[in-house]
Amino acid sequence: MTLCTAPGKIMLAGEYAVIDGSEAVMLAVDRYAVATLHNAPQHLSPFLEAAHRVLADEFGDDSAQAKAAQHVRVDTHAFREGPDKLGLGSSAAATVAAIGLALGADDFDVDRVHILARRAHGDAQEPKGARGSGADIAASSFGGCLRFSPTPSCAQVSLPTDLHLVFPWCGQSASTTSLVSQVRTLRKHRDADYQALCAAISDSAQALAAASTAGAAIVAIGRGGQAVAELGTAAGAALWLPVHSQMRDIAEQLGGAVKPTGAGGGDLALGAFANASDMALFVERLADRGIPCPPLAPAPQGVRLQSQASKVDE
C-alpha cells in the first residue's frame with residue numbers, strides 16, 4: 001500500500017512578526033504525520049475536511065483526488081509525548097500528508113502539495129480568526145531549514161555546522177489562539193510598541209538566517225528570545241514563562257541562549273550552544289530540575305509518498 005508522510009516543524013525565529021509578512025526561520029523535525037487510504041470514508045477533522053474541499057475545487061467533486069481525500073486517515077501520535085501535545089504543527093503536517101496522499105503518484109508534486117495544503121490549512125484556521133502565515137505548511141512540505149516569508153517564498157538555509165540545538169519541554173501546551181489574540185490587542189491599541197517589538201523579532205530571524213558561526217547564531221537566538229519576552233510583557237500575554245527564565249540562566253552559564261518557539265507560552269523552547277558538551281551539560285541540568293528534552297532531529301526531506309508492504313487495518 002502507499003502512504004504519505006510529512007514532518008513536523010519548529011519555528012526557530014520570527015514568531016508573531018511572520019504573521020505580518022516578516023521572515024521566519026523554520027526547521028522541519030523528525031516527527032511525522034502518516035496518511036493512509038482506507039476502504040471506508042473516514043471521519044474527517046476540520047483540516048482534513050478543508051483538504052477535501054480544496055481538492056474538490058481544484059479537480060472536481062467527482063475526481064479521484066477529491067474522493068480519495070474522503071478516505072484518508074492521518075496518524076499524528078508522534079507529535080505527542082504521552083498526553084502532551086508538543087507544538088510541532090500536527091495539523092499542518094496532517095494537512096500536507098493528506099493532500100499528498102490524495103493527489104497520488106500521478107499528480108504528486110511537492111510545490112503543488114504546498115500550494116493546496118496552504119489553502120486548505122488556512123481555510124480551516126479562518127473561523128478561529130486568522131489564516132496563519134503558512135510557515136508550518138512550508139516546513140512540512142519542503143523539509144530542511146527554511147528562510148520563510150509569507151509572500152510566499154522560502155529557501156533552504158544552512159545553519160552553522162558548529163551550532164548545537166536542543167528543544168526542552170516547558171511542561172504545558174501553549175494556547176496559540178489565546179496568545180495571538182492578546183498580541184493582536186496590543187497591535188490594535190499600541191501599534192507603535194507592537195511594530196517596534198516585531199521589528200526586533202524580525203531582525204533576530206534575519207540574523208539567524210545569515211549567521212555563519214555558532215556564536216552569531218546564539219546571539220541572534222538570545223535577542224529573539226528577549227524580544228518575544230518583551231512582546232509578551234507589553235501584550236499582557238504569557239509568552240515567556242518562569243521555566244524559560246530557568247532555562248536561560250542555565251544556558252547563559254554555558255555560553256548558550258534560550259528562547260520560546262512558535263507562539264511561546266509553553267510547548268517546546270529552543271536552546272542553542274557552540275559545542276556538544278555544553279549542550280549535554282544543559283540537558284543534564286534541566287533533567288535534574290525535571291525538565292525533559294524530547295529527542296528531535298532535523299528532517300532534511302519534506303512530504304513523501306512511500307510504499308508499505310503491510311496492510312493497514314480497515
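This note walks through selected helices and residues of the structure above.

1. The structure is a predicted model. Every point below should be read with that in mind.

2. Helix 9 against helix 10. Two packed helices are described by the angle between their axes and the distance between the axes. Here the pair is helix 9, residues 242–253, and helix 10, residues 276–288. Their axes come within 10 Å and cross at roughly 145 degrees. The crossing of helix 9 and helix 10 is right-handed. Helix 9 brings Met 247, Ile 250, Ala 251 and Gln 253 to the contact. Helix 10 meets them with Phe 282, Arg 285 and Leu 286. By class, this contact has 5 nonpolar residues, 1 polar and 1 charged.

3. Helix 4, length and start. Helix 4 covers residues 110–125, 16 residues in all. From first C-alpha to last it reaches 22 Å, close to the 22 Å expected at 1.5 Å a residue. At the start of helix 4, Asp 109 places a side-chain oxygen within 3.1 Å of the backbone nitrogen of Asp 111.

4. Helix 4, buried residues. An α-helix has 3.6 residues a turn, so residues three or four places apart point the same way. Which residues of helix 4 are buried? They are Val 113, His 114, Leu 116, Ala 117, Ala 120, His 121, Gly 122 and Ala 124. The elements covering these residues include helix 1 (46–59), helix 3 (90–107) and helix 5 (135–142).

5. Helix 8 and the residue after it. Helix 8 runs over residues 214–235. Its 22 residues should span 32 Å at 1.5 Å a residue, and the end C-alpha atoms are 31 Å apart, so the two values agree. Just after helix 8 comes Gly 236, with a positive phi of about 65 degrees.

6. Lys 259. This lysine lies in strand 9, residues 257–260. Is Lys 259 buried or exposed? Its relative accessibility is 1%, so Lys 259 counts as buried, the cut-off being under 20%. The Lys 259 side chain makes a polar contact of 2.9 Å with the side chain of Glu 15. Leaving out residues up to four places away in sequence, Lys 259 touches Met 11, Leu 12, Ala 13, Glu 15, Ile 221, Gly 224, Gly 225, Trp 240, Ala 269 and Leu 270.

7. Thr 5. Thr 5 sits in strand 1, residues 2–13. Its relative accessible area is 7%, so Thr 5 is buried. What does the side chain of Thr 5 make a polar contact with? The partner is the side chain of Gln 306, at 2.7 Å. Beyond four places in sequence, Thr 5 touches Tyr 32, Ala 33, Val 34, Ala 97, Gly 302, Val 303, Arg 304 and Gln 306. Thr 5 and Leu 103 are 98 residues apart in sequence; C-alpha to C-alpha they are 13 Å apart.

8. Val 74. Val 74 belongs to strand 3, residues 72–75. At 18% relative accessibility Val 74 counts as buried, because the cut-off is under 20%. Apart from neighbours within four places in sequence, Val 74 is in contact with Ala 33, Val 34, Ala 35, Leu 48, Ala 94 and Ala 98. Ala 33 and Val 34 are also among the residues that Thr 5 touches. Val 74 and Ala 214 are 140 residues apart along the chain, and their C-alpha atoms are separated by 37 Å.

9. Tyr 16 has phi near 70 degrees, a positive value in a residue other than glycine. Tyr 16 lies in the loop between strand 1 and strand 2 (24–37). With a relative accessible area of 4%, Tyr 16 is buried. Asp 267 is not a glycine, yet its phi is positive at about 60 degrees. Asp 267 lies in the loop between strand 9 and strand 10 (269–273). At 9% relative accessibility, Asp 267 counts as buried.

10. Asp 193. This aspartate is in helix 7, residues 191–210. Its relative accessibility is 35%, so Asp 193 counts as partly exposed. Asp 193 and Ala 235 are 42 residues apart along the chain, with their C-alpha atoms separated by 9.5 Å.

Notes:
Residues are numbered from 1 along each chain as its sequence is written. This is a predicted model: local features need pLDDT of at least 70, side-chain atom pairs count only at pLDDT 80 or more; totals for chains, interfaces and linings use all residues. Side-chain values use heavy atoms; hydrogens and water are left out. Axes are lines fitted to C-alpha atoms, for helices over the stretch in contact, and angles run from 0 to 180 degrees between N-to-C directions. Helices (H or I, at least four residues) and strands (E, at least two) are DSSP runs, numbered from the N terminus. A crossing is left-handed if the near helix is turned anticlockwise from the far one by less than a right angle, and right-handed if clockwise. Contact means heavy atoms within 4.5 Å. Ala, Val, Leu, Ile, Met, Phe, Trp, Tyr, Cys and Pro count as nonpolar, Asp, Glu, Lys and Arg as charged, and the others, Gly among them, as polar. The expected span of a helix is 1.5 Å times one less than its number of residues. Buried means under 20% relative accessible area, exposed over 50%, partly exposed in between (1.4 Å probe, protein chains only). A polar contact is a pair of N or O atoms within 3.5 Å; within protein, one must be able to donate a hydrogen and the other to accept it, and residues adjacent in sequence count only if both atoms are side-chain atoms.
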